[in-house]
Amino acid sequence: MSLLSLQGVESGYGPMQILWGIDLDVAAGETVLLLGANSAGKTTLLRTIIGLLPCWRGGIRFDGERIDTLAPDQRIRRGIAFMSELGVFPTLSIDENIALGGYFLRDAEVRRRRERLFELFPDLAAKRRDAAGSLSGGQRKMLGIAKVLVSEPRLLLMDEPSSGLAPVFVKQVIEVLKTSIGSGTSLLIAEQNVAFLALADRGYLIDHGKVRLSGTRTELESSDAVREAYFGL
Ligand code: ATP
């Protein structure tokens, strides 16, 4: 059974419809890539799943339960986390940023999980009392990831983890994601960067708010639509 299941989801901003009947599934433990160009509707879809935007029509189920009318915090409590492009608070320290990610946990639990995360992110551990604003772009992204992982989500929604990063850091982010995501966490990653296909079990290509194509990583890699749009072939 799917952990996350969308059927015919429509949404938008005010009178402007952006998403047109999106069907999408993420199974437990699966990594799914949401591939699409600028303005395709990727961010809008993630916001609708977490509840920052209303679902106009269709339904969203998480673990079999309808969640599309729940408030965002209720969805977070059920185990969904959202890592936006902005990610971290620059004036707060690294320690404080990570603690915010686990705001609904007991302090002792946050501390325990934070120490474990620091083993995965030694660069952050060395600067834990520094303001997040003093980190490099790549390190900030790592902090964004640590901050959402502290809640040990069952489903992590990531909005363009590669944005604003030089290619060398993009590779690093992918490596960190590979090693830090436990098998208990499913991932839905919105990206324009096709390099993230390497991480994915399956993917969806979205265009003008509709699913144009979906399939396994291998199917997408060999699809003409993806090759034309992303590999310039
Ligand atoms: P990007 O990579 O640029 O973030 P995206 O695939 O995430 O692209 P969205 O941000 O979901 O695309 O944007 C889809 C459409 O929704 C675009 O036409 C955009 O102009 C519009 N849009 C996004 N945010 C708003 C908003 N707050 N109010 C009105 N329209 C918006």
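Helices (H or I, at least four residues) and strands (E, at least two) are DSSP runs that are numbered from the N terminus, and in these terms L70 belongs to the loop between β5 and α2 (72-77). The model described here is a predicted one. Two open sheets are treated below, one of four strands with antiparallel pairing and one of six strands with mixed pairing. Helix α1 packs on the four-stranded sheet and also on the six-stranded sheet, and α1 gives the most to the shell around the ligand, with three residues.

**The four-stranded sheet**

- The strands of this open sheet follow the order β2-β1-β4-β5, and their pairing is antiparallel; the edges are formed by β2 (16-27) and β5 (65-66), each of which pairs on one side only.
- Helix α1, which comprises residues 42-50, packs on this sheet and touches β1 (2-13), β2 and β4, with its direction making about 115 degrees with that of β1.
- Strand β4, residues 57-62, pairs with β5 in the antiparallel sense over two bridges, and F62 has E65 in β5 as its bridge partner.

- Leaving aside residues up to four places away in sequence, L70 touches E65, R75 and R78.
- P54 is 16 residues apart from L70 along the chain, and the C-alpha atoms of these two residues are separated by 9.7 Å.

**The six-stranded sheet**

- This open sheet has the strand order β6-β7-β8-β3-β9-β10 with mixed pairing; β6 (80-83) and β10 (210-216) stand at its edges with a single partner strand each, so one side of each is left without a neighbour in the sheet.
- From one strand to the next, the twist of this sheet averages 15 degrees.
- Strand β9, residues 202-207, runs antiparallel to β10 and is joined to β10 by six bridges, with R202 standing opposite T216 in β10.
- Helix α1 packs on this sheet by touching β3 (31-35), β6, β7 (155-159), β8 (186-191) and β9, and the direction of α1 makes about 150 degrees with that of β7.
- A further helix, α6 (residues 137-149), lies across β6 and β7 and runs at about 165 degrees to β6.

- Strand β7 is largely enclosed by the rest of the structure, because five of its five residues are buried.
- In a regular strand the side chains alternate between the two faces of the sheet.
- In β7, L155, L157 and D159 point one way while L156 and M158 point the other way, and all of these residues are buried.
- The pairing of β6 with β7 is parallel and extends over four bridges, and M83 stands opposite M158 in β7.
- β7 and β8 also run parallel and are joined by five bridges, with D159 standing opposite A190 in β8.

- K42 is found in helix α1, and at 4% relative accessibility K42 counts as buried, since the class takes in values under 20%.
- Not counting residues up to four places away in sequence, the residues that K42 touches are L34, L35, G36, A37, E160, A190, E191, Q192 and I206.
- The ligand is surrounded by 13 residues, of which the closest are N38, S39, T43, T44 and E160.
- The shell around the ligand draws at least two residues from each of β2 and α1, and α1 makes the greatest contribution, with three residues.

Key:
Residues numbered from 1 in each chain as written. Predicted model: local features only at pLDDT ≥ 70, side-chain atom pairs only at ≥ 80, totals over all residues. Heavy atoms only, no water. Pairing = 2+ DSSP bridges. Contact = heavy atoms within 4.5 Å. Axes fitted to C-alpha atoms, helices over the stretch in contact; angles between N-to-C directions. Buried < 20%, exposed > 50% of the residue type's maximum accessible area, 1.4 Å probe, protein only. Near = heavy atom within 4 Å.
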